Amino acid sequence: MLKDVTIGQYYPTGSVIHKMDPRTKILFTTAFIVMLFCINNLWGYLATLLILVAVTLVSKIPVSYIIRGIKGLVLIILLTVTLNLFMTPGTVIASLGPLNITMEGLKVATYMALRLIFLIVGTSIMTLTTSPIDLTDGMEWCMRFIPFVRRYAHELSMMMSIALRFIPTLMEETERIMKAQKARGANFETGSIIARAKNLIPILIPLFISAFRRADELATAMEARCYRGGENRTRMKQLVFENRDRVSFVLMLMMIIGLILTTMIKIPLLFPV
Amino acid sequence: MTMEKKEKMIEVKDVCFVYPGNSENKSVTALSDINLHINKGEFVGIIGHNGSGKSTLSKLLNAIIFPTAGDVIINGLNPKDHEHLWDIRQTAGMVFQNPDNQLVATIVEEDVAFGPENLGVPSLEIRERVDRALATVDMQAYAHQKPHQLSGGQKQRIAIAGILAMEPECIIFDEPTAMLDPSGRREVMETIRKLNQEKNMTIIHITHYMSEIINADRIIVLDAGKIVMEGTPVEIFKNVSALKKIGLDVPQMTELAYELRKEGMNIKDSILSIDEMVDALCQ
């Protein structure tokens, strides 16, 4: 289960997408997310799909790896789809006992499912192709333009990168604790949801204790390596905007403009406009 | 070489350290009346039972904590002057026990760069230092790996590279092999020995494993916050019964020689390694 979470993981292949400036990626992933919620017809989602497929192919990340990321969130997607399908008022096209499926409901449910899937795929492509260091550097740079947040840009990005560094470590630890508790007779698989949630306590408590201990040791180790906040700190890799980045910037911009243009298409595809 | 050996790297003068108590716990004296000096280029082993104060001592040596009384002088600098704090931590690097909890970055080379970045070293020079440090610990091939994909011994070598990139004169190892398997332990010990012999770096090695320090220049034995013995490995490990009394072992071969001598065999008491044992037995 834990291995299925691909968001926040980095998958190095050395592709052009990997070499793109993280700032470009962050900027356009944000624009992409905004666009996902602005698109108002299936042409737009078709275009989104094409873009995602193209980007995935160029990034050389195995498609199965990306699909695995969606699998972890299937439950949330199904829940959203079901709720939208039955709860939206409008022209009834099918009835299931007291439940009605409406044309509008079908449309909203389809759009929501596509939005969620594309949202997950889009953001995971960003994290899969950007090393966490680049990602946090890019975010640190982007945060410089947000008032108030600006003062804490370095601290926030350091926190983020440490969090990312420790995700796999803590996951391994969780699995180890689960095995240890199973060996002592703990049961995580059966019983009601409440019983199962209660059974998680013997995992969470040792996990938290060890996380605090790790944090303490890490802080000491960082101080021993002369860490004293962002002031006067230099970086080994500095973000430089090269010609390659200008090209990718223009390409990305064209994709977003393409997506904006699809909202103007008035030819219905499956659903009425 | 001999000239250098006389220069003092670290001086500890009449140091006491007390962990302050609170309403629930009494204060604990971890170290009392510690006097010692460590010369440049020396390989010093520190051994002691759990709670003997050896970890506290190691933290005093690179100014993570400060003595309650007395002075610690590191390369001529006293951490009591807070302006020297960062110079001291740069001069005396420290490698900790848990390899996972001292790696900060998600990519090996970025982690090695963390120290020099904190020191404000220019970007290009950081690059050079990182490559050099990774070459020294023989981990260049792993520069772009994620730390959690490495073995314990490899992680610990990355931690060492991270310290080397700060270009210290002295490295304090606080039980760096305690959480490793035998092969990881061997890797780390080879690296440490290489640093001492080829780079002439001052090494302070705190350990539970006696076999790791049989080649040390000097061994310091701590018990209950005091230095109880100090001398060359041969001088220290001769005292098998005294060491056992404070809960410490001796190297396997020394123990074997001790047992053989007890049984009336005529064998010398200065045996530390298997080779020496073979020589002694074949005579």
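## The S8–S9 pairing in chain B

In the predicted model, B:Val221 has B:Met229 of S9(B) as its bridge partner. The strands concerned, S8 (residues 218-223) of chain B and S9(B), are joined by five bridges and pair in the antiparallel sense; strands here are DSSP runs (E, at least two residues, whereas helices are H or I, at least four), numbered from the N terminus, and two strands pair if DSSP finds at least two bridges between them.

## The six-stranded sheet

This pairing belongs to an open sheet of chain B in which six strands follow the order S5-S6-S7-S3-S8-S9, with mixed pairing. Its edge strands, S5 (92-95) and S9 (226-231) of chain B, each pair on one side only. On average, neighbouring strands of this sheet are turned by 20 degrees against each other, direction ignored, where axes are lines fitted to C-alpha atoms (for helices, over the stretch in contact) and angles run from 0 to 180 degrees between N-to-C directions.

## The three-stranded sheet

Another open sheet of chain B has three strands in the order S2-S1-S4, and its pairing is antiparallel. Because S2 (28-39) and S4 (69-74) of chain B stand at the edges with a single partner strand each, one side of each is left without a neighbour in the sheet. From one strand to the next, the twist averages 15 degrees.

Within this sheet, strand S1 (residues 8-19) of chain B runs antiparallel to S4(B), and five bridges join the two. B:Lys13 has its bridge partner in S4(B), namely B:Asp71.

## Basis of the description

Residues are numbered from 1 along each chain as its sequence is written, while chains are lettered from A and ligands numbered from 1 in the order in which they are written. As this is a predicted model, local features need pLDDT of at least 70 and side-chain atom pairs count only at pLDDT 80 or more, whereas totals for chains, interfaces and linings use all residues.
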